[in-house]
Amino acid sequence: MSETGVAGLTLNGGYGHLSRKYGLALDNLLSVDVVTADGELRHASADENADLFWAVRGGGGNFGVVTSLEYTLHEVGPDVYALFVWFHGDDTAVALDAFREWTETAPRDASVLAFTAHVPDIAEFPEKSWGEPAIAFLGSYLGDPDDAEDIFGSFRARATPITDLSGVMAYADLQSMLDEDYPDGLRYYWKSIFLEELTDDVIDLMTRYNELAPSALSTVDVWHLGDAVADVPQDATAFWHRDKPYMLNFEANWEDADDDGANVEWVREGFAEAQALSIASGRYGNFPGLNEDPAKLLYGENYDRLVDVKTKYDPNNLFQSNTNVPPRPTGA
Ligand SMILES: Cc1cc2nc3c(=O)[nH]c(=O)nc-3n(C[C@H](O)[C@H](O)[C@H](O)COP(=O)(O)OP(=O)(O)OC[C@H]3O[C@@H](n4cnc5c(N)ncnc54)[C@H](O)[C@@H]3O)c2cc1C
């Protein structure tokens, strides 16, 4: 998405087409300016207010209002190979099995998000498939586009696509390709959990909940993570869940406020089943539902250190409209 804000994205992590090669958005931060709870404007970097710089990289909005973000940049494209291929829902198990195998040896130049969905009723898809359940793969290859067919070959070999929209395009076009599918004013409720493995139980969950979805706009996604994200030590920034190779995200997207209850419930029921799996744990701060889950689930063993920084910079918990890390009570 090119239209969502970069501040929240970065302060809570930041996954995208480039993360497996260049890390999280927050791994590419050089410095920030932050207005802290005492009204002071503070510069934070590896050399200045280093505790604050550590905490804002993953700690979200807990530590102040970030008024500038300085990033390191990477040369990408301008053209890259974009993968966007859709199969019928009947092929979900076969296609996700191919995806699972592919992730085991995927190069870090290649990144793929898999999602169960319903076929949109637009001209790019055969009319007879409109509204049918589907499994789709969206990704990119940052290396030589001529190699991409080989890199992604296994996805196409296992089943016959409904539609294959893959091809070489400007990275900026790939980055904004889905903007019109996520307009302002649509209703969203998303929750995610990390996975140690992409098991058959997860594949079954994705298939079943796709069929149960009250809205045809909703998806159940598996993000393939790792590589550059996992290269960074878990205590180097506040962002803890770097070691997990996958993330499962229930994404409810719907139009009418009258349908809020059914869509939120759909996510929560699917999520409860996912959470019960032994290979599932943690939370991702950018898909936080309504911030209803405890911050400890995001921060693992970084939590106590975050509480220390919070207590130093925001002792009265001024900044609490987030997945909140409460300061220690006064005198504690
Ligand atoms: C359609 C869509 C697609 C998305 N795709 C991705 C994706 O590909 N990868 C991914 O990682 N995430 C994705 N997200 C999640 C996205 O990263 C979060 O919604 C993120 O919070 C958006 O940032 P924002 O600046 O708009 O935050 P806001 O919604 O404005 O704020 C969210 C929270 O972030 C914090 N925050 C925001 N700005 C500041 C600031 N200046 N200073 C301090 N704290 C701040 C606050 O705690 C605030 O409550 C997507 C979201 C949507 C709606």
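**Ground rules**

I am working from a predicted model, where local features need pLDDT of at least 70, side-chain atom pairs count only at pLDDT 80 or more, and totals for chains, interfaces and linings use all residues. Numbering starts from 1 along each chain as its sequence is written, and side-chain values use heavy atoms, with hydrogens and water left out.

**Entry 1: the ligand shell**

I started with the ligand. Which residues come nearest to the ligand? Gly 8, Tyr 15, Val 66, Tyr 284 and Ser 321 do, out of 22 residues around it. I count a residue as near a molecule if one of its heavy atoms lies within 4 Å of it.

Next I sorted the shell by class. I found twelve nonpolar, ten polar and no charged residues.

Then I asked which elements build the shell. α1 (6-11) and β3 (65-71) each supply at least two residues. The largest share, four residues, comes from α1. Elements here are DSSP runs numbered from the N terminus: helices are H or I with at least four residues, strands are E with at least two.

I looked up N and O pairs next. A polar contact is such a pair within 3.5 Å; within protein, one atom must be able to donate a hydrogen and the other to accept it, and residues adjacent in sequence count only if both atoms are side-chain atoms.

- Tyr 15 has a polar backbone atom 2.7 Å from a nitrogen atom of the ligand.
- Ser 321 places a backbone N or O atom 3.0 Å from a ligand oxygen atom.
- Leu 9 has a backbone N or O atom 3.3 Å from an oxygen atom of the ligand.

I then checked burial of the ligand. Taken alone, the ligand exposes 930 Å², and the protein buries 70% of that. The areas come from the Shrake-Rupley method with a 1.4 Å probe; for residues, only the protein chains shown count as cover.

**Entry 2: helix α4**

I moved on to α4 (residues 92-105). This helix has 14 residues and spans 21 Å from its first C-alpha to its last. The expected span is 1.5 Å times one less than the number of residues.

Which residues of α4 are buried? Thr 92, Ala 95, Leu 96, Ala 98, Phe 99, Arg 100, Trp 102 and Thr 103 are. Buried means under 20% relative accessible area, exposed over 50%, and partly exposed in between (1.4 Å probe, protein chains only). An α-helix has 3.6 residues a turn, so residues three or four places apart point the same way.

The peptide bond from Gly 77 to Pro 78 is cis, with omega near 15 degrees. Pro 78 sits in the loop between β3 and β4 (79-88).

Asn 49 is not a glycine, yet has a positive phi of about 45 degrees. Asn 49 belongs to the loop between β2 (41-45) and α3 (50-59). Its relative accessibility is 28%, so I logged Asn 49 as partly exposed.

Asn 317 also is not a glycine and has a positive phi, about 55 degrees. I found Asn 317 in the segment after α12 (303-313). Is Asn 317 buried or exposed? Asn 317 counts as buried, because its relative accessibility is 13%.

**Entry 3: side chains and distances**

Asn 322 lies in the segment after α12. Its side chain reaches the backbone oxygen of Phe 319 at 3.2 Å. Asn 322 counts as buried at 12% relative accessibility.

Ser 166 is in the loop between β7 (163-164) and β8 (167-170). Its side chain makes a polar contact with the side chain of Asp 164 at 2.6 Å. A polar atom of the Ser 166 side chain also lies 3.0 Å from the backbone nitrogen of Phe 84.

Last, I checked Ala 55 in helix α3. Ala 55 is buried, at 0% relative accessibility. Ala 55 and Ala 238 are 183 residues apart along the chain, with 5.3 Å between their C-alpha atoms.

Technical notes
Nonpolar A, V, L, I, M, F, W, Y, C, P; charged D, E, K, R; others polar.
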